[in-house]
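Subject: Structure handover

Hi,

Here is the structure you were waiting for. Please open it alongside this email.

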Amino acid sequence: VAARKSPPYELYYWPGIQGRGEFVRLALEDAGAPYVDVARTAGGMRKMMAFMRGEGRSLPPFAPPFLKDASLVIAQTANILAYLGPRLNMAPKDEEGRIAAVQVQLTIADLVAEAHDTHHPIAAGFYYEDQKPAAKERSVVFFKERLPKFLTWLEGILERSGGDHLVGRRMTYADLSAFQVVCGLRYAFPNAMDRMAGRLPRLLALHDRVAARKNIAAYLASERRLPFNEHGIFRHYLELDAPAPKRPARSRAKA
Ligand SMILES: N[C@@H](CCC(=O)N[C@@H](CS)C(=O)NCC(=O)O)C(=O)O
């Protein structure tokens with residue numbers, strides 16, 4: 001990334017969870033771009049809430065994450081990445097490729113929303129504990145139908161592209177985002193993901209390649225990478241996961 005004369009990017013996102021902010025963090029971290037995770041700094045939450053009230057702006061963000069770059073304030077995860085991609089050298093150079101990257105990112109955003117709705121099927125504002133039966137029903141449909149449909153779609157793209165990258169011939173933010181959904185889904189639905197693993201060789205290999213990238217590996221090992229938890233989008237509730245996959249009798253006996 002070329003040296004920036006302007007001040008560091010400002011990322012605004014809820015502190016304490018990876019959430020949708022993580023897709024932006026991964027791009028900034030991979031590129032080694034200077035940024036401040038504002039809501040995690042002293043007084044940062046107040047600053048974030050002021051933006052959301054629209055103070056001094058005609059277009060307040062509807063929800064975090066949003067990114068401030070000099071006088072620009074940009075909301076919507078896929079929109080932020082479409083903006084950052086070329087600046088961080090994490091997007092295809094041609095228009096067709098840039099549009100394809102946005103398309104993949106928006107589809108990942110749909111998957112993220114559906115993963116969230118497994119634990120909050122009735123209302124985001126109610127506690128999980130107050131919508132458990134609906135959550136269970138929603139989760140079964142999610143891991144039986146929706147999860148395979150989304151993930152085999154990503155796998156199919158990799159198959160057609162030759163397997164290394166979702167868009168074009170280089171790593172883009174779409175690949176980083178695919179890594180993040182695999183991480184999150186493995187945390188939330190380990191059994192369902194285990195059952196699907198054989199159908200996703202390219203996607204899982206891409207996950208491993210992203211995790212091994214120098215800046216990503218350093219980030220994942222740092223305190224900046226928050227652990228997954230039951231306040232975020234990807235939550236692990238045993239009762240919502242698929243049953244454990246059947247193992248051959250021998251390995252079951254050992255376990
Ligand atoms: N489509 C938006 C969704 C943003 C969003 O739902 N943000 C969540 C946190 S991850 C939020 O704070 N929502 C508040 C609300 O919807 O009222 C994106 O991809 O950035």
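Below are notes on the ligand site, then on one arginine.

First, a caution: this is a predicted model.

**Ligand site**

Where does the ligand sit? The residues around the ligand are Tyr-13, Trp-14, Arg-20, Phe-62, Ala-63, Pro-64, Pro-65, Gln-76 and Thr-77. By class, this shell holds six nonpolar residues, two polar and one charged.

- Trp-14: a polar side-chain atom is 2.7 Å from an oxygen atom of the ligand.
- Thr-77: a polar side-chain atom is 2.7 Å from an oxygen atom of the ligand.
- Pro-64: here the backbone takes part, with a polar atom 2.8 Å from a nitrogen atom of the ligand.

How much of the ligand does the protein cover? On its own, the ligand has 500 Å² of accessible area, and the protein covers 65% of that.

**Arg-25**

Now turn to helix 1, which spans residues 21-31 and contains Arg-25. Is Arg-25 buried or exposed? Its relative accessible area is 0%, and buried means under 20%, so Arg-25 counts as buried.

Which residues does the Arg-25 side chain meet through polar atoms? Another is Gln-18, whose backbone oxygen lies 3.4 Å from a polar atom of the Arg-25 side chain.

Best wishes

Terms used: Residues numbered from 1 in each chain as written. Predicted model: local features only at pLDDT ≥ 70, side-chain atom pairs only at ≥ 80, totals over all residues. Heavy atoms only, no water. Near = heavy atom within 4 Å. Polar contact = N/O pair within 3.5 Å; in protein donor to acceptor, adjacent residues only side chain to side chain. Areas by Shrake-Rupley, 256 points an atom, 1.4 Å probe, with all protein chains shown as cover. Nonpolar A, V, L, I, M, F, W, Y, C, P; charged D, E, K, R; others polar. Helix = DSSP H or I, 4+ residues; strand = E, 2+ residues; numbered from the N terminus. Buried < 20%, exposed > 50% of the residue type's maximum accessible area, 1.4 Å probe, protein only.
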